[in-house]
Amino acid sequence: MKTTGQKIKPLRIALGLSQAQLSEIMGVTHKSIYRYETGKSLPDTNTLVKLATYFDVSTDYLLG
């Protein structure tokens, strides 16, 4: 089963965004995006909703 980070990274790459660009869009630090993608932490609820909305996926998809 893929982790949340393993789902975020390909979505980001498909849109041609760097971690830094996504961090600016989401209003979090570049380090936060790195930590999400490597599985070191999970986005908080607000960021998770922003990510799901931005990538046009459900929060269930990102978490499940």
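Predicted model: local features only at pLDDT ≥ 70, side-chain atom pairs only at ≥ 80, totals over all residues.
**Helix α4**

Helix α4 spans residues 45–55, and its buried residues are Thr 47, Leu 48, Leu 51, Ala 52 and Phe 55. Viewed along the axis of α4, these buried residues fall within an arc of 135°, so they line one face of the helix. Their packing partners are α1 (4–14), α2 (19–26), α3 (30–37) and α5 (59–63). On the face of α4 turned away from the buried side lie Thr 45, Asn 46 and Thr 53, which are exposed.

The N-terminal end of α4 is capped by Asp 44, which places a side-chain oxygen 3.2 Å from the backbone nitrogen of Asn 46. Asn 46 is also one of the exposed residues of α4. After α4 comes Asp 56, a residue in the loop between α4 and α5. The phi of Asp 56 is positive although the residue is not glycine. Asp 56 counts as exposed because its relative accessibility is 69%, against a cut-off of over 50%.

**Helix α2**

In α2, the residues Gln 19, Leu 22, Ser 23 and Met 26 are buried. They fall within an arc of 105° when seen down the axis of α2, so they too line one face of their helix. The buried residues of α2 pack against α1, α3 and α4. Gly 27 follows α2 and has a positive phi.

| Helix | Arc of buried residues | Following residue | Phi of following residue |
|---|---|---|---|
| α2 | 105° | Gly 27 | near 75° |
| α4 | 135° | Asp 56 | near 55° |

**The contact of α2 with α3**

The axes of α2 and α3 come within 8 Å and cross at roughly 110°. From α2, the contact involves Gln 19, Ala 20, Leu 22 and Ser 23, which meet His 30, Ile 33, Tyr 34 and Glu 37 of α3. By residue class, the contact comprises 4 nonpolar, 3 polar and 1 charged. Among the α2 residues in this contact, Gln 19, Leu 22 and Ser 23 are buried.

Helix α3 is also among the elements against which the buried residues of α4 pack.

Note on methods:
Residues numbered from 1 in each chain as written. Heavy atoms only, no water. Buried < 20%, exposed > 50% of the residue type's maximum accessible area, 1.4 Å probe, protein only. Helix = DSSP H or I, 4+ residues; strand = E, 2+ residues; numbered from the N terminus. Arc of directions from axis to C-beta. Contact = heavy atoms within 4.5 Å. Polar contact = N/O pair within 3.5 Å; in protein donor to acceptor, adjacent residues only side chain to side chain. Axes fitted to C-alpha atoms, helices over the stretch in contact; angles between N-to-C directions. Nonpolar A, V, L, I, M, F, W, Y, C, P; charged D, E, K, R; others polar.
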